[in-house]
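Hi,

Here's the structure I said I'd pass along.

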Amino acid sequence: MKAACVWLVAGALAGCGGRAARWVEEAADAHAQADLLVRRGERQQASRVLEELVSRPVPAQVAAQDRRAVLQDAYARLAGLALEERRPSQALRYADAGLGLGETRDVFASSLRTLRGRAHEALGQDAEAARDYEAAQIVAEALLQEALSGGGAR
Amino acid sequence: MTSEERPPTEAEAREADLLAHALEDPARPGRDVAAVDDALGTAWLLRASKSAELSELRARAVLKRAWPGRPRWLNPTPAAMAALGAAAAVAAILSLLPRGPAKLPPPPVPLLRAQVAAARPGAQRALAPLEAEMDAHRERLYGALARAYGTRR
């Protein structure tokens with residue numbers, strides 16, 4: 001009986017630790033599925049898969065930086081798909097949601113700025129588009145400078 | 001008057017008396033209990049079923065006899081159980097805390113060049129190379145996350 005309790009506790013602990021790993025796996029699976037759907041030309045279906053990914057609760061064990069990277073990447077992909085579907089307002093919403101997770105000097109924020117600029121441009125909001133392009137350029141150029149000089153930029 | 005309400009007959013009273021004595025003092029020699037044999041058997045069965053539960057000491061003794069080579073760790077002391085419980089609680093708390101961030105791959109130069117090219121007005125065609133570079137970077141990103149979080153891939 002006691003041994004059974006010990007095994008039960010050990011099993012429960014293994015389950016807790018595996019939640020973050022499962023979330024990462026599910027996110028990777030969602031992208032793989034979206035890739036397949038895009039190749040088949042089913043962009044809306046691909047968007048639904050990615051929407052499901054971003055609306056899923058993130059386990060507390062996932063580090064904030066990793067959570068942001070995964071979600072911002074998914075939002076950027078959603079914004080890109082919406083632009084291809086000629087739905088700039090929707091693209092703007094996705095880009096805003098992604099940037100709302102926090103903006104640091106990395107490729108994910110830079111991509112979202114670029115896509116938001118593209119959405120603003122499609123909506124005729126040139127001033128806003130210019131601001132976003134400029135912000136994206138600053139980040140991308142700084143990262144490029146670091147990469148070219150051998151620095152470990154993200 | 002029913003048979004249950006009638007006072008016991010002399011023979012019944014004698015049998016009851018004999019049964020009571022046989023139960024109180026079963027070892028007395030020379031007593032003839034043939035008349036209450038059935039009742040005595042039933043009474044012993046009831047008594048045995050009541051005392052069938054094993055006390056902690058009896059359980060250990062039975063287990064020791066049945067499994068003499070049983071390892072000691074399978075029979076932990078209360079202190080060992082408490083230590084194990086505390087360790088499990090600490091592990092549970094630690095497993096629920098956020099981890100340190102994964103070491104994400106640095107963005108490669110072609111991806112950054114594609115970002116610089118795409119982040120300007122009217123560069124509609126520059127989005128496709130950026131997407132292709134981001135797809136490749138995503139592979140590396142999930143590879144790093146898989147290593148950090150111990151996924152099955």
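Of the 153 residues in chain B, 14% are buried. Bear in mind that this is a predicted model. As for contacts in chain B with a separation of 6 or more, 29% of them involve residues 24 or more positions apart.

Take the partner in its own chain to begin with. Helix α5 of chain B (residues 109-118) packs on helix α6 of chain B (residues 127-149) at an angle of about 150°, and the axes are 9 Å apart. Since the cut-off for roughly antiparallel is over 145 degrees, that is what α5(B) and α6(B) are to each other. Their crossing is left-handed. On the α5(B) side the contact uses P110(B), L111(B), A114(B), Q115(B) and A118(B), and these meet L127(B), P129(B), L130(B), E133(B), M134(B) and H137(B) of α6(B). By type, the residues of this contact of α5(B) with α6(B) come to 8 nonpolar, 2 polar and 1 charged.

Now the partner from the other chain. Helix α6 of chain A (residues 126-148) crosses α5(B) at roughly 155°, with the axes coming within 9 Å. That angle makes α6(A) roughly antiparallel to α5(B). This crossing, too, is left-handed. From α6(A) you'll find A136(A), Q137(A), A140(A), E141(A), L143(A), L144(A), A147(A) and L148(A), meeting V109(B), L112(B), R113(B), Q115(B) and V116(B) of α5(B). The residues in the contact of α6(A) with α5(B) split into 9 nonpolar, 2 polar and 2 charged.

How many of the 21 residues of α3(A) are buried? The count is 18, so α3(A) is largely enclosed by the rest of the structure. Helix α3 of chain A covers residues 64-84 and spans 30 Å from its first C-alpha to its last, close to the 30 Å expected at 1.5 Å a residue. Just after α3(A) comes R86(A), with a positive phi of about 55°.

That's what I have for now.

Cheers

Conventions. Residues are numbered from 1 along each chain as its sequence is written. Chains are lettered from A and ligands numbered from 1 in the order in which they are written. This is a predicted model: local features need pLDDT of at least 70, side-chain atom pairs count only at pLDDT 80 or more; totals for chains, interfaces and linings use all residues. Axes are lines fitted to C-alpha atoms, for helices over the stretch in contact, and angles run from 0 to 180 degrees between N-to-C directions. Helices (H or I, at least four residues) and strands (E, at least two) are DSSP runs, numbered from the N terminus. Angles under 35 degrees count as roughly parallel, over 145 as roughly antiparallel, 65 to 115 as roughly perpendicular and the rest as oblique. A crossing is left-handed if the near helix is turned anticlockwise from the far one by less than a right angle, and right-handed if clockwise. Two residues are in contact if their C-beta atoms, placed from the backbone, lie within 7 Å. Ala, Val, Leu, Ile, Met, Phe, Trp, Tyr, Cys and Pro count as nonpolar, Asp, Glu, Lys and Arg as charged, and the others, Gly among them, as polar. The expected span of a helix is 1.5 Å times one less than its number of residues. A residue is buried if 20 or more other C-beta atoms lie within 10 Å of its own, exposed if 12 or fewer, and partly exposed in between; C-beta atoms are placed from the backbone.
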